[in-house]
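Dear colleague,

I am passing on the structure below, together with notes on the side-chain contacts found in it. Please read the notes with the model open beside them.

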Amino acid sequence: MPRLTRRHFLAATAAGSAAAAWTAASPTAWAAPSSGPAPDPYERTARAAAMNWRRLPTGWQDAPFLANGRLGAQLYKGTAANTLKLMLSHTEVQDQRGQWRGGIGYSRLPLGHFTLTLAGDVTAVDWTLDPYDAELRGTVTTTRGSLAFTALVHNDTSTLLVSTRPSQGEEAAAWTFQWLRAATTRTSGKPEDYTANPDPAVTDTHVQQPLLAGGGWTTAWRERRAGTGRLLAAHVAYSASGEVIRTTEAAHAAVDRALTTDPDEQIARHRHWWHRYYHRSFLSVPDKRLQSFYVLQLYKLAASTRAGGPTISEWGPWFPEVGNNWTAVWWNLNVQIGMAPIHGSNHPELDSVTSTFAKYEKNLPTSVPAAYRDGESYALGHPSDWQLRAGDTYDVGAPGSDHVSDNFGNLTWAMHNVWQSYAHSLDRSILRDTLFPILTNAINFYAHFLHEGPDGKLHLLETRSPEYANAADCTYDLSLIRWGARTLLETARILRTSHPKEPLWRDITARLTPYAEDPANGVLIGKDVPLADSHRHHSHLLWLYPLRERSWDRPADRDVMARSMAHWTSMQSAWHGYSYATASSMYAVMNDPERALDFLTFFTDLGVVADCAMTPNTMYREGKNFALESPLSAAQSMLDMAVQSHEGVLKVFPSVSTRWPDASFASLRTQGAFLVDADREAGATRWIRVHSEAGAPLTLEHGMRGDLSVRDERGRPVRWRESTPGRMTIQLPRGATALITNKGSSGAGPRDVPSLGDRPGWGLP
């Protein structure tokens, strides 16, 4: 692949002073990283996960993708044989017409795409998406020549940069931009009086798109040329209100900066962020296809969202030309499971869920029915936009009324994600500023619909178990209410505060009715409503996972857990990808590693169920629709195999299959604000290292055999005692580290464990 560095470029253009005047500051290409295996296992495993294309992708389902949490791009086949399409999208760009439900009125809107027109028809491609650098590099071969390119979405500036270097015969290859109509692509529930936004104002260097509700966006671009080489820079600026001309000025300013700033400095900044990102944690397993899949989900998460920015929607930052009915943010499972891996993988910098609720709490009362807007009740309707608005005229309804929805639990489940952010960091500001006030009002809303039955228990009026059926005492809602009340009491204790609602929370904790059960099949959907058919959503099992109300460590809990899981997994015809990922995590916490791995690999090995499947680029389709969350949730399944933390016990390699004799990880984050490293070889744990950020009590289930040694980072003995067989309690102050080994052994660093055999990589190799 040709490389054009600053030195090479200046030498080649020294004869043309006019060109040299600007190219000294901005050559048209940047160097690829050095080739060869990296000695650093963090870099080596990330680069080894690179996706390759030897066949031309045709759309979002198999295309390479770039993004930085806001601007996204995908490259694939164009409409003509001599073209490529570079589709743009942006997580902030949406409509602002709140008179309709969120999926329409606050719909994500298409931007447009660049078309690369070549002289000859495309005959071959050789592309690599390198997640470590977050760059796409490759060549396109045509009937007239070839073109080498490098592309990225700059991490810091949200600017697309594409360098092209043509061979003889393709010197005239050029980019053009085609805008797409600013109208929702959602067809479900589209009102008859819906009208598209007006056509944009178009120039040679920008598209200025106004919105009927005010505001709008501008897509601006410009090229630098040096000989036949070109550097394209593009930027999207959006405003929800005000004059759209301001977005035009901002977009052009960003493009100008990109083309005049030292390119070496720009690329160094971009790569520095991504390299640091991959060094925050590490996981290696002997199934290298699955290991690469895990790395690619970390890449996808950082490409999709960042703390302080929009949380993940169904598309992420990428616009699907086909399969684009899900135009907003879904809260009845999608965000919650898609964002789950950020905690264990030690990426709080991606926590857009907590930051979203901290910033947009003010919009939660709008989802509450007017009769219950008492200033103390919150709810969250879906689909919403990234500011938690579900539409001015939409509310979630009321249990027991003629408007029952499956939206009642959205907010409380989302608060479980926020609680996980606290539990993994012990940052009390998360509780004080976000979780405590919001969860209080979420449980206040539910409390309106609890009533005392003849048995003296608190019962819930009819609600809807998501995607299944209506039921009184619905298990899904009861599990969230029970978790919410208990969590509020615990939060008040941690914050050393009192609250006038504490008697309510204690009453719920003491008297909320148990879940309806069947002696053979376990927990039901709700009162008198069994699970009679295949059900993709694990709504009735939320108590098992992720809420972890029951624990396999308690023998009395095992029977109901086993019966409920056996019944749910016995009917898989309607399952989707996340069903398999969730089942994997559930079996992982039930100490069944073989089933956990079976469910995970069925999904990741491109198993197709109910016309849903993983795609070659690790995206996921449900029918034709793009759904981001399922593959992301499978990364959590892998984390649940490697390390678990619950009820004060930290478990290392708690659910690793015998098919994985070796495994290694570093800096996986657990509840209690611990960072954990560990290594497993030939089926046995060799060593464990635990670093405490907060000085929380540590009970470690280590799984090691023989006489053990516990020492600090300087080799000095650390006090510990065996609490139960296989578990130890260690006194570990804030900032301290303990290394657990067999006596006479030493620990080491993370390693890329040996492969069990060759398996095809991701992409279109």
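Which residues are linked with Arg 47 and Asp 133 in a network of salt bridges? The network is made up of Glu 43, Arg 47, Asp 130, Asp 133, Glu 135, Arg 137 and Arg 271, where a salt bridge is a side-chain nitrogen of Lys or Arg within 4 Å of a carboxyl oxygen of Asp or Glu.

Before going further, please keep in mind that this is a predicted model, in which local features need pLDDT of at least 70 and side-chain atom pairs count only at pLDDT 80 or more, while totals for chains, interfaces and linings use all residues. Residues are numbered from 1 along each chain as its sequence is written, and side-chain values use heavy atoms, with hydrogens and water left out.

**Salt bridges**

The structure holds 49 salt bridges. In one of them the side chains of Arg 47 and Asp 133 meet at 3.0 Å, N to O. Arg 47 belongs to helix H3 (residues 41–48) and Asp 133 to the loop between strand S6 (122–130) and strand S7 (135–142), so this pair ties together parts that are 86 residues apart in sequence; helices (H or I, at least four residues) and strands (E, at least two) are DSSP runs, numbered from the N terminus. Asp 133 counts as buried, at 0% relative accessibility, with buried meaning under 20% relative accessible area, exposed over 50% and partly exposed in between (1.4 Å probe, protein chains only).

Another salt bridge joins Glu 249 and Arg 246 at 3.4 Å, N to O, and these two residues, 3 apart in helix H5 (residues 244–260), are separated by about one helical turn. Glu 249 is partly exposed, with a relative accessible area of 42%, whereas Arg 246 counts as exposed at 52%. The side chains of Arg 554 and Asp 557 also meet in a salt bridge, at 2.9 Å, N to O; here Arg 554 is partly exposed at 32%, and Asp 557 is buried at 9%.

**Aromatic rings**

There are 37 aromatic pairs in the structure, a pair being rings of Phe, Tyr and Trp (its six-membered ring) whose centres lie within 6.5 Å, with planes under 30 degrees apart counted as stacked, over 60 as edge-to-face and the rest as tilted. The rings of Trp 100 and Tyr 194 have their centres 5.3 Å apart and their planes at 45 degrees, so this pair is tilted. Trp 100 is buried at 12% relative accessibility, and Tyr 194 is buried at 11%. Tyr 587 and Phe 599, by contrast, form a stacked pair, with 5.7 Å from centre to centre and 15 degrees between the planes, and both residues are buried.

Ring pairs also link Phe 65, Tyr 132, Trp 273, Trp 274, Tyr 277, Tyr 278, Tyr 299 and Trp 318 into a cluster. Arg 306 lies over the face of Trp 273, 3.9 Å from the ring centre, and the charged end of Arg 101 sits over the ring of Tyr 394, 3.8 Å from its centre; a charge sits over a ring if NZ of Lys or CZ of Arg is within 6 Å of the ring centre and within 35 degrees of the ring normal.

**Nonpolar core**

Of the 208 residues in the largest nonpolar core, Phe 114, Leu 160, Phe 357, Phe 665 and Ile 740 touch the most other members, such a core being a set of buried Ala, Val, Leu, Ile, Met, Phe, Trp, Tyr and Cys residues joined through side-chain atoms within 4.5 Å.

With best regards
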